[in-house]
Amino acid sequence: MHPEIISLSCAPMPFMTDCDLKHFGAFEYHCSRCCDYFVLIFMLDHHLKFTEDARLTTLSAGEWYIQKKSLRQSAPLPSPHAEYYWIHFQAEYSANRSDCIRLPIRGTFQPALFLPLLRELHAAFSRSPRNPFEVQSGFYRLLNLLYTHENAYSSLTASVMSYLNEHYPEHITAQSLAERFHYSAEYINKRMKAELGVTAHACLAGIRLRRAARLLTYSDRPVQAIARECGYSDPSLFYKAFLKAYGLSPSRYRQEHQIPFGPLQTHDT
């Protein structure tokens, strides 16, 4: 059973608004509320019980959890002596599977790795006067560790992604990937779908189209030349794929986004 995934927009990035260390009493309940923000919880001791839209959730020490915004929360049971760090943050959901921050709703964490960052973040937020850059920097360091920990790809997926990023201009098919990596095309797609949310073909298309958008923005190369350079031998297929991905034709996209400041560098930055 795959864990529930939350997809957040990369722009604007998630923004922390509040945090604290919470200690429950012997008969204390989780509060009843409906938040317009997300809540990231790191459990330190005992258990926390609450419902989200009437679905009961129990968190134990060593678990982290993201309470989604706009869900009704309450608690039918107390959470005696629960102890945890909580972080409120603002973020927007994203429907763009190829360019988003994807995290499971819950997971486990290693205290030796996360507690120092949580303590530093709490201390930075509690200082007066507060340095907002220090606070957000600490929040992003924490999110980066969480994201890296939860999005570690299998060796197969990492190898396929590396190959696609390097060879995207070439003719690549499901069969050629199967022959190169010695797994069936079905298995490769199954692993990439589970870890990235997209098939190998969709991943390759995303790489090609992002490269094309960059070339349209930073170069004066003809559209057909860009299509060929990005792996599209048929300009009409490139046109249709680009229009579907960006909502604009390649030429129109160039008109609206081109930056006439020198030639495009030969490497991505």
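**Loops, helices and contacts in a predicted model**

Reader: Does Asp53 count as buried, partly exposed or exposed?
Author: This is a predicted model. The relative accessibility of Asp53 is 47%. Buried needs under 20%, and exposed needs over 50%. Asp53 therefore counts as partly exposed.

Reader: Where does Asp53 lie, and what is its phi near?
Author: Asp53 lies in the loop between strand 5 (47-52) and strand 6 (55-60). Most residues other than glycine have a negative phi. Asp53 is not glycine, yet its phi is positive, near 50°.

Reader: Phi of His182 is also positive; is His182 buried or exposed?
Author: Phi of His182 is near 60°. His182 lies in the loop between helix 4 (174-181) and helix 5. Its relative accessibility is 69%, so His182 counts as exposed.

Reader: What is the peptide bond from Ser128 to Pro129, cis or trans?
Author: Pro129 lies in the loop between helix 1 and helix 2. Omega from Ser128 to Pro129 is near 0°. That bond is cis.

Reader: How far does helix 1 reach from its first C-alpha to its last?
Author: Helix 1 (residues 111-126) has 16 residues. At 1.5 Å a residue, 22 Å is expected. The reach is close to that, at 21 Å.

Reader: What covers the buried residues of helix 1?
Author: The buried residues in helix 1 are Phe114, Leu115, Leu117, Leu118, Leu121, Ala124 and Phe125. Their cover includes strand 2 (15-23), strand 4 (38-45), strand 9 (83-90) and helix 2 (132-150).

Reader: Leaving aside neighbours within four places in sequence, what is Thr17 in contact with?
Author: Thr17 is found in strand 2. Its relative accessible area is 35%, so Thr17 is partly exposed. Beyond neighbours within four places in sequence, its contacts are His88, Phe89, Gln90 and Phe125.

Reader: Are helix 3 and helix 5 roughly parallel or roughly perpendicular?
Author: The axes of helix 3 (residues 155-167) and helix 5 (residues 185-196) are 10 Å apart. Their packing angle is about 95°. Angles of 65 to 115 degrees count as roughly perpendicular. The two helices are therefore roughly perpendicular.

Reader: How do the residues of the contact of helix 3 with helix 5 divide?
Author: Helix 3 brings Leu156, Thr157, Val160 and Met161. Helix 5 brings Tyr187, Ile188, Arg191, Met192, Glu195 and Leu196. The contact divides into seven nonpolar, one polar and two charged.

Reader: Within what arc do the buried residues of helix 9 fall?
Author: The buried residues of helix 9 (residues 250-257) are Pro250, Tyr253 and Arg254. Seen down the axis, they line one face of the helix, because they fall within an arc of 100°.

Reader: Which helices do those buried residues of helix 9 pack against?
Author: An α-helix has 3.6 residues a turn, so residues three or four places apart point the same way. The buried residues of helix 9 pack against helix 6 (200-218), helix 7 (223-229) and helix 8 (235-246).

Reader: What share of the residues of the protein chain count as buried?
Author: The protein chain has nine helices and 11 strands. Its C-alpha trace spans about 70 × 45 × 35 Å along its principal axes. Of its 269 residues, the share that count as buried is 42%.

Conventions
Residues are numbered from 1 along each chain as its sequence is written. This is a predicted model: local features need pLDDT of at least 70, side-chain atom pairs count only at pLDDT 80 or more; totals for chains, interfaces and linings use all residues. Side-chain values use heavy atoms; hydrogens and water are left out. Axes are lines fitted to C-alpha atoms, for helices over the stretch in contact, and angles run from 0 to 180 degrees between N-to-C directions. Helices (H or I, at least four residues) and strands (E, at least two) are DSSP runs, numbered from the N terminus. Angles under 35 degrees count as roughly parallel, over 145 as roughly antiparallel, 65 to 115 as roughly perpendicular and the rest as oblique. Contact means heavy atoms within 4.5 Å. Ala, Val, Leu, Ile, Met, Phe, Trp, Tyr, Cys and Pro count as nonpolar, Asp, Glu, Lys and Arg as charged, and the others, Gly among them, as polar. Buried means under 20% relative accessible area, exposed over 50%, partly exposed in between (1.4 Å probe, protein chains only). The arc is that of the directions from the helix axis to the C-beta atoms. The expected span of a helix is 1.5 Å times one less than its number of residues.
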